[in-house]
Structure formats: C-alpha cells, structure tokens
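I opened a notebook for a structure I had not looked at before. The entries are in the order in which I looked things up.

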Amino acid sequence: MVSFTEILSSNALITTSTTPLRVAVFVGGTSGIGKLTIRALVATGTPIKIYLLGRKPSQSRTLPFIKELHTLNPKAEIIFIEAEVSLLADVKRVCSLISSLESKIGLLFLSAGFAPWGGQRKETAEGHEVAQALEYYSRMLFILRLLPFLDSGRVVSVLGGGMETTYFLDMEDWELKKEGNFTIWRARPQYIGMNTIMLDRLAKENPNVTFIHSLPGAVDTGNVRRGWDGKSILGWAFIRFIEGVNWLVAFSDEESGQRHLFQSTSAAFGGRGVPWSGEAGRATAGGLFLVSNKCDCTPNTKVVDQLRDKGQEKLWGHTMEILGPYL
Ligand SMILES: NC(=O)c1ccc[n+]([C@@H]2O[C@H](COP(=O)([O-])OP(=O)(O)OC[C@H]3O[C@@H](n4cnc5c(N)ncnc54)[C@H](OP(=O)(O)O)[C@@H]3O)[C@@H](O)[C@H]2O)c1
C-alpha cells in the first residue's frame, strides 16, 4: 500500500520541472473522481491547460467550479467543451477539435460512467448500452484518436483495474445483447475485463505511453445511484447497502483526488514522471498498470494472461467493427 502521506509527499514534488504535464484532457471531470483529480492537479500551481469535456446540462453547474480553479491557480487554463461523450460521433467531433488545437497531450483521464443497477438495458441513439458506451467504447475511441498526441504521456481509465475475472466475461456476446445476458452482475465485470484486455494491447503497442486502469475503491460521489432505474427494489436495496458501506469505508474526496493525481503523474508507474523512490509498480505482460485503490499494482497475471490469450484478438476485431466509422 502506498500511504496517503507518501502520496502527498510525491504530489508536493509536482513542479514545472518534475512534470512535463502541460495539457490534460478530462472526460468525466464534471463530477466525482475526475473533478476531484482536476482540483488536486490545479492546486499544484503548475501552468496547466485542461480540456474539461461535459454534456450541456452540466455546463452551468461546472462554470463556478472553473472559476474556483482559476482563483486557485491563476496559471491554469480550463477550457470547457460541450460534448455528449456517450455518443461516438460526438467523441469523434471533439477529438478532431482538440487535435486541431494541440500538438501534445500529457494526460487523458477517463472517468465517465456508472453501474447500471436497474438491470434494464438502456441504449444510446447509436445502439450501445449507455454504461458500456461511456466505460468502454467512448473511452477506447478517445484513446485511439488522441494517441498520436500522447507521446510520453499517460492514459488513466478509472473503473476496476485488478478486478478482472474469467467468470462473467462473455467473449461471444461482448455487448451482452443476447436474451437474459444483460444484468448488473455481468455488465460490471464485462466492462472491466474489456477495458483491461484492450488497454493491455494498447500498452504493448505504444510503450511510449503509460497506461493505467485504476480501481478507485469506494468514493462517495453519488455514482452508485446513477444507474438505478427507479423501479428495481433489489437494485434499491443494493444501492442502500453500498451507500452504507461507503459511509464506513469510503475515501475522503481529498484523498481520492490526491491518489488519482499521484497515478496521473508519478514515475512509480513505468518510470516517467515525478521521481519516485518507493517500490516500482509491476505491470501486466503487455505493460498495463492495474492500480488498486491503495495505489498498489497487481499484474493479475493468471486471469489477465488467460483473457489476453483467449480474447484479445477477438475483442480487437469487435472493437474495430464498432469504432471503425469514427476513427
Ligand atoms: N465512486 C465510486 O465509489 C466508484 C467505485 C468503483 C468504480 N467507479 C467507477 O469509476 C468511474 C468514475 O466514478 P465517479 O464516482 O467519478 O462517477 P460520477 O461522479 O458519478 O460520474 C463521472 C462522470 O460520468 C458522467 N456521466 C454519467 N452518466 C453519464 C451519461 N449518461 N452521459 C454522459 N456522461 C455521464 C458524469 O457527467 P455529469 O457530471 O454530466 O453527470 C460525470 O462527469 C465510473 O465509471 C464509476 O462507475 C466508481
């Protein structure tokens, strides 16, 4: 475990000379862990430009946050871009926009999503289950489109790194569209597994980029309520249970933000970034860092090796089929 004191010490070293991070893109930074990480990053006082992507209804409540950030660090520039990131066509549009404005991106931080507790399948206008669109397809499209700008940079996908399992992962039905296949018990591990399988491949093919799949642990962001359909009583009971557990064990907002800032900047993950004298994080065979809520790394070798062998080619093919028109 990396203690909170060690995290704070590392983050205190973030200066213009220790981190090359000048431009960051946050998808999911309008609330929760993304927002907490932005606040921690801006508070370092370094000159940073942040593209903060969010949907239209979130814009007005995000503006006071942006004002707060500019006061916290007058050298920071925060640019809100309106985007419906569950839609691949809109992801393509905003990626083209950012690509026309920047030549180098140091950090792509992906945290949009929720757990679909209701168990009822809801789809985007493009036909993808909404949580899967946010937590997998949209995230992979952001990465693939922005990769040319991420040289020596970092990608952090916040979902469930290290929680991969070979059970509950359906490689014959990636989208869980078959009758009876879509349940919360299948969706969560499916999307976590898909993230890891794909990121492991991208890490192998792009050793100049640091890839992290982060497990945030419990953080009381309200995320647990987002996916509830307002009907399922079982879902409601489960949400109350999780909220009770959260109340007991959740990280404070401050600690969550600092832990994700550490993951976004420290050389603990692959050697690039803010100098780190502690134990170096161990990556998967592909070079992906699966980072726990305590900021430890697990290669989860037994499971990830199986997923890679059995599913990587297949998932790549499936993903290209879906993302192809937007690449
Ligand atoms: N918090 C936890 O304890 C926890 C634990 C394990 C895993 N996770 C996972 O980690 C990720 C980040 O969690 P978090 O707590 O930071 O989440 P959050 O605060 O609830 O939401 C993160 C972002 O997702 C966006 N979002 C949600 N539904 C959307 C939709 N239908 N269309 C477009 N954007 C949408 C939100 O946008 P708006 O601001 O516009 O609503 C927000 O920017 C999620 O995938 C979550 O499931 C969280």
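What follows are my notes on the ligand, the salt bridges, a surface patch and a few single residues.

**Entry 1: ground rules**

I am working with a predicted model, in which local features need pLDDT of at least 70, side-chain atom pairs count only at pLDDT 80 or more, and totals for chains, interfaces and linings use all residues. Residues are numbered from 1 along each chain as its sequence is written, and side-chain values use heavy atoms, with hydrogens and water left out.

**Entry 2: the ligand**

Thr221 places a polar side-chain atom 2.5 Å from a ligand oxygen. Ile33 uses a backbone N or O atom, 2.7 Å from an oxygen atom of the ligand. Gly217 also has a backbone N or O atom by a ligand oxygen, at 3.3 Å.

How much of the ligand does the protein bury? Taken alone, the ligand exposes 890 Å², and the protein buries 91% of that. I note that accessible areas come from the Shrake-Rupley method with a 1.4 Å probe, and that for residues only the protein chains shown count as cover.

Helices (H or I, at least four residues) and strands (E, at least two) are DSSP runs, numbered from the N terminus.

**Entry 3: salt bridges**

Side chains of opposite charge can pair when their charged atoms come close. I counted a salt bridge where a side-chain nitrogen of Lys or Arg is within 4 Å of a carboxyl oxygen of Asp or Glu. The search of the whole structure finds 14.

I looked at Lys49 and Glu102, whose side chains meet at 2.7 Å, N to O. The pair links distant parts of the chain, 53 residues apart: Lys49 is in strand 2 (residues 49-54), and Glu102 is in the loop between helix 4 (88-101) and strand 4 (107-110). For cover, buried means under 20% relative accessible area, exposed over 50%, and partly exposed in between (1.4 Å probe, protein chains only). Lys49 is partly exposed at 23%, while Glu102 is buried at 11%.

Next came Arg188 and Glu135, a salt bridge at 3.1 Å, N to O. Arg188 sits in helix 6 (residues 184-205) and Glu135 in helix 5, 53 residues apart. Arg188 is partly exposed because its relative accessibility is 25%, and Glu135 is buried because its value is 2%.

Is the pair buried or exposed? Both Asp200 and Arg308 are buried. Asp305 belongs with Asp200 and Arg308 in a network of salt bridges.

**Entry 4: a nonpolar patch**

Phe241, Val245, Trp247, Leu248 and Val249 form a nonpolar patch on the surface, with about 620 Å² of accessible area together. Patches are made of residues with over 30% relative accessible area and no salt bridge; like charges are joined within 9 Å, nonpolar side chains (Val, Leu, Ile, Met, Phe, Trp, Tyr) within 5 Å. Trp247 lies in helix 8 (residues 233-249), and Trp247 is exposed at 73%.

**Entry 5: two positive phi angles**

Phe168 is not a glycine, yet its phi is positive, about 55°. Leu176 likewise has a positive phi, near 55°. Phe168 is in the loop between strand 5 and helix 6, and Leu176 is found in the loop between strand 5 and helix 6. Phe168 is partly exposed at 45%, whereas Leu176 is buried at 1%.

Note on methods:
A polar contact is a pair of N or O atoms within 3.5 Å; within protein, one must be able to donate a hydrogen and the other to accept it, and residues adjacent in sequence count only if both atoms are side-chain atoms.
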